[in-house]
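I opened this notebook to keep track of what I looked up, one topic at a time. Before going further, I wanted the sequence and the model side by side.

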Amino acid sequence: MEISTNPGADSKRILEKLRKRNLDSYANVILYIGGNDISNGQSVLEVSKTIEQSVLACKQHNCKVYVCMICPRKDGDVIPVDECIKQM
């Protein structure tokens, strides 16, 4: 098991890291992504699109991907993004 944390990173930075990383040896990837985007005022559509691209980047390496719901935040409404995550 390996844990990679990216405090303060937005979803685009995480997507870029996923694309650069060799994930071939991973069977499972857990993503907790999108909260910082919401607090920075990015649109639900933009955040959801980047999360979906991150999932696809992992699946290209045959990883099973688990996307976590975003915990409630005082600095933004995460419910619309969580609804999109449920649809994935």
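**Ground rules.** I am working with a predicted model, in which local features need pLDDT of at least 70 and side-chain atom pairs count only at pLDDT 80 or more, while totals for chains, interfaces and linings use all residues. Residues are numbered from 1 along each chain as its sequence is written, and side-chain values use heavy atoms, with hydrogens and water left out.

**Helix 1.** I looked up which residues of helix 1 (residues 11-20) are buried, and found Ser11, Ile14, Leu15 and Leu18. They lie on the same side of helix 1, because they cover an arc of only 105 degrees around the axis, the arc being that of the directions from the helix axis to the C-beta atoms. I noted that helices (H or I, at least four residues) and strands (E, at least two) are DSSP runs, numbered from the N terminus, and that buried means under 20% relative accessible area, exposed over 50% and partly exposed in between (1.4 Å probe, protein chains only). The cover over these buried residues includes strand 1 (28-31), helix 2 and helix 3 (44-59).

**Aspartate 37.** Which part of the chain holds aspartate 37? I found aspartate 37 in helix 2 (residues 35-39). Aspartate 37 is buried yet has no salt bridge, and the nearest side chain of opposite charge, lysine 12, is 7.2 Å away; a salt bridge needs a side-chain nitrogen of Lys or Arg within 4 Å of a carboxyl oxygen of Asp or Glu. For charge, Lys and Arg count as positive and Asp and Glu as negative, with His and the chain ends not counted. What the side chain of aspartate 37 does reach is the backbone nitrogen of serine 11, at 3.0 Å. Beyond its neighbours within four places in sequence, aspartate 37 is in contact (heavy atoms within 4.5 Å) with Asp10, Ser11, Gln42 and Val47.

**Salt bridges.** I then asked how many salt bridges the structure holds. There are four, and I followed up some of them. One joins the side chains of glutamate 2 and arginine 21 (2.0 Å, N to O), and this pair links distant parts of the chain, with glutamate 2 in the segment before helix 1 and arginine 21 in the loop between helix 1 and strand 1, 19 residues apart. Another joins lysine 12 and glutamate 46 at 2.7 Å, N to O; here lysine 12 in helix 1 and glutamate 46 in helix 3 are 34 residues apart. Lysine 12 is partly exposed at 42% relative accessibility, and glutamate 46 is partly exposed at 30%. Glutamate 83 also forms a salt bridge with lysine 86, the closest N and O atoms being 3.2 Å apart. Those two are three residues apart in helix 4 (residues 79-87), which means that about one helical turn separates them.

**Core.** Of its 18 residues, Leu18, Leu31, Ile51, Cys58 and Val81 touch the most other members. Helix 1, strand 1, helix 3 and helix 4 each supply at least two residues, and the largest share, four residues, comes from helix 3. Not counting residues up to four places away in sequence, cysteine 58 touches Leu18, Leu23, Val29, Cys63 and Val65.

Terms used
Polar contact = N/O pair within 3.5 Å; in protein donor to acceptor, adjacent residues only side chain to side chain. Core = buried A, V, L, I, M, F, W, Y, C linked by side-chain atoms within 4.5 Å.
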